[in-house]
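Work through the exercises below with the sequence and the model side by side. Try each task before you read its solution.

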Amino acid sequence: MFQNFDRVFGARYDKTAAPDELHMAVYTTQLIVDCLPPAHDASSSAFHNYSANLYKRFERFHKLKDLDDAIASEGFSIQLASDNHPRKPSSLNILSNHLRLRFTLLGRLDDLEEAIRLQLRATELISDESPEKASFFSNLGDCLHARFFRLGHIENLEDAVALHRRAVELMPDDHPEKPFSLSSLGNSLTLRLDCLGHTQDFEDAIAAHRCAIQSTPDSHPGKPVIFNNLSVTFCAGYDRFGRLEDLEGAIEAQRRAVELTPYDHPDMPSRLSNLSAGLDRRFARLGVFQDVDDAIALQSRAVERKQDNDPEKAQLLHALCTSLLTRFERFRHFADLEHAIAAQRQAVELTPDGHYLKPLQLGNLAGLLQTRFDLHGHPEDIKYAILAQHQAVALTPDNLPGKASQLNNLNVILKSHFDQLGSLEDFEDVLARQRQAVELLPTDHPEKPALLSNIAGFLQMRFDRLGNSQDIQEAIAMDRYALELVPDGHSSRSIHLRNLAISLVSQLRQFPTLDHFTLVYECLTDATNSTAAHPYHRLLAAFDNARLCTQFAHLDRSREITLRAHQALLDAIPPFIWLGQSVSHRLEQLSEMKIGPAITSAASAAISAGRLSLALEWLEEGRNIVWGQFARLRDPLDDLNSHDSTLARRLRDVSVALEHAGQRSELEAQSSRAFVTQNNFVPSPFESRMALEDEARDHRRLAAEYETLVVQIRQIEGFGSFLRPKTFAELVPACRDGPVVVISVDQSRSDALILCSPGYVVHVPLPGLVLGSAAIMRTSLAKGIHNRGIRGEVQDDEPERGPIHRTHDSGLLLDLEVLWVSVVQPILRAIKNEVRLPHVTWCATGPLSFLPLHAAGIYRSKRAPACKTSDYVVSSYTTSLSTLLASRKKQVTPFYDTYPNILVVSQPKTPGQQPLPYTIEEASTVRKHFRSAVFHLCDAEGKVNVVFDAMREHEWVHLACHGAQDPGIPTKSAFYLYDGLLELSRLMSVSHPRAELAILSACQTAKGSDEVPEEAMHLSAGMLAAGYKSVVATMWSIADKDGPVLADALYAALKRNLEAGKGLRVAHALHDAVEELRGTVGETNFVRWVPFVHFGA
């Protein structure tokens, strides 16, 4: 009776695939086994049927216990059947297949050995006339294929190929197993290709897979397996021969495998992972970021669909880690590296000891930890990297193809932390192992160039220690050989060119001739110009070339080579500081790569060559790189619209979408940190993680589309310079209302370039200003205002006049004097004063960006007469010439007839912040001068959304509240309002068409980032970016009672200017107001009057 039920449930499951039917089939066959006595004639068949149902359930749900029970039951069935039983060979074959599968999952070698023994026995028992004989040969070939993969005995692989060929020959074309035997032959030929590199093996493998595909209908459940195998072979061919068509074939075959696989099929994750691997390779070759984004999305979904107890989970995590590392190497997004390390740690933990993939997992973790060590220098990382890589080497048999890579990786890690090597003898051992690794690889192996280059690195290291010229000559030869093996157009060619250049530099230092210099220069130039290379590697080469030309400038008497090298460096920066990344990430990259100092070094080279206009162009191009990207998204498109309105509309739409995507990417950049824990990769919901990935991917897609449109526009006649860095002629109008002083502070020299009307540059060398002293003054200033300028009450007993009595005030006095003597005074002497108080705009670089040039002077000194900047000029600041141009180009026709509409926001009692009682008086002062033109939002009325909306309806805005600079994410710098933060990112998110003047009577509204001073990421710059023509801000916190005093004098001056028909003249109005405040608080009470500054026109 139970046997009938078994057949019924089994048949119904085969028809409906309903899980309940399968469970009932297992249950009934188990009852049959339990009810029959051990010696019963039907016991063997019962165990066989029970095993078959258990295996079906394993295939459906991938629970290892079902596979274990199926193996045990089939074993009992074989024991109970005599050798002449007609089913005995078939049962042996089935049990062998099950054991081989368990070996694949768990890596236990005894399973594989038993599978081979059983398959040999099955082959012996089955008659030569049996149609199953060929299948048995094929299965035995699969077993030997697996043993070679594990132990590396080449005879196993040769036997596997021979058995597969024999199986294919024995099978008639209409045999149902023939396609799979053909594909198995293709797999073994592929593995032999990996080992021996025979081109014919690749051709035969492809032919076998294609023949298998042609003879298998799309509806067959095994067809995706064959497509998957074809993809693996194409990938192997690409890895070996580097042909792009092979890679495209691999991706297309794997896409077909995925398309033919049901969504809920247990093999879908591994097929998604294989497709991802192909996309990874294509990204590495062509650099299309969409490929690596798609690869990570596929890998993430594959990992998510596997439980931790699934044996395939570790391999999928490893594959995900590879994709994350690939993207990190391109975009340098540290979250990707952290995710990769977390994923690889989990992969190592999930891979049981003894599994054949354990060395690979350990080696990959070691490489990741070494990468993080190289970036951050944490000793624990290199310690565990060395330990893991030693384990990987020890666990890899000497005759396996991967041994050379494992040895190479160990040597590279040891080279990263040479102290671990100890004595020179240890170093010699490492070098010997590296040579051994190279010898293990055939000449055409794709990893050979990297191994040769690493030998060159070791030789150069020994040369640096011992000075043996033979070492450096051999290093150069090794690097040349490695370069010869890399085809033109390969992404790694730039790396090898740079490595060769590094070796050649050592030779150049020994023999500093023009010929040797030219060799290095040409290598680095080619590396910089390699369009297939990652922007990071191109930028590194450009940096090296610029430094080379600076160090050996005496060999370049015309300076033209040096200038070309610096120009190439500037050209290499934008692709690296890419618009497709979040703002915070771009700022991190600017700081990490020290882009600012590189720009000033380039300007110094141009100044030394007498190319003043070029130096000005370069300083402008290198300032506000991120701000400039943002500003270009908002550039007016009137000329383009007149020529091609459709193209202009497309660019505007993409620009708006890209600007919004940049804001969303800020959230992604912050949220991604929550996805990494020390040992777990998936601490947050999968869909949330993928949503963030989608946001970042959309951002990159929009950036690529934007760049494509810009390239298309530049091809139009008359638009060749569209959105390119401004030329000197385009920068000249910035000095329309007075000289603009651009100050460059470099390691080698300091200079001021004064842009004067009608378009000439005055060069003022500043020998008294050195980079180190500017940094010291910046630090001293910060100490001097610490706990002195916090906005709040000034104590009644604090004297506002009289002699200096605090040591930090004395330090500030000295800093201002040094600033006057070394910087401001030489510049003012060079400015021709045609009016009593000319208007000068300061544009400084590096640490000088934080120093109050407008307050420099000698105060109450017996050594020299008192004098200060404000005695000679009216000062303004600008973050760049382009920003100043934008402010001056802004529509000057006001929206008002008599007085502007003024929004005043005062926050005397912001929740969670120190009270600011004088802000109410400050608002009253504004109303005193402009009465009904003032709209006042006080205290609880000043909520974020209300203020934000009101700003768009008023020409002037006066914010009397707390403000704060976020040093980690400058775009999150904000004004504290009653119900929350009005962040810089939101102010920048929309344009304010009525905006004219912003007065920021708040803390730190003109304080930039210490890490990237050239970017001026502060609230006042944000107001300019939002469209305000002019901004009054503070360099540090102000005393609360000074707000009304300054406001009274400032608004009185502004009103006088308006009524006299002079325009706003904000800088002059602030100059007069600060003069009045200085008279009130005392000239040497610097922290009270110095912080007030003007930005814009």
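Axes are lines fitted to C-alpha atoms, for helices over the stretch in contact, and angles run from 0 to 180 degrees between N-to-C directions. The model is predicted: local features need pLDDT of at least 70, side-chain atom pairs count only at pLDDT 80 or more, and totals for chains, interfaces and linings use all residues. Residues are numbered from 1 along each chain as its sequence is written, and side-chain values use heavy atoms, without hydrogens and water.

**Exercise 1.** Determine how α24 and α25 pack.

Step 1. Locate the helices, which are DSSP runs of H or I with at least four residues, numbered from the N terminus. Helix α24 covers residues 514–528 and helix α25 covers residues 535–551.

Step 2. Read the geometry. The angle is about 155 degrees, and the axes lie 8 Å apart.

Step 3. Classify the angle. Over 145 degrees counts as roughly antiparallel, so α24 and α25 are roughly antiparallel to each other.

Step 4. List the contacts (heavy atoms within 4.5 Å). From α24 come F517, V520, Y521, L524, T525, A527 and T528. They meet R538, A541, A542, D544, N545, L548 and C549 in α25.

**Exercise 2.** Is S231 buried or exposed?

Step 1. Find S231 in helix α11, residues 223–241.

Step 2. Apply the cut-offs: buried is under 20% relative accessible area, exposed over 50%, partly exposed in between (1.4 Å probe, protein chains only). S231 has 4%, so S231 is buried.

Step 3. Name the partners. Leaving aside neighbours within four places in sequence, S231 contacts A250, A253 and Q254.

Technical notes
Helix = DSSP H or I, 4+ residues; strand = E, 2+ residues; numbered from the N terminus. Parallel < 35°, antiparallel > 145°, perpendicular 65-115°, else oblique.
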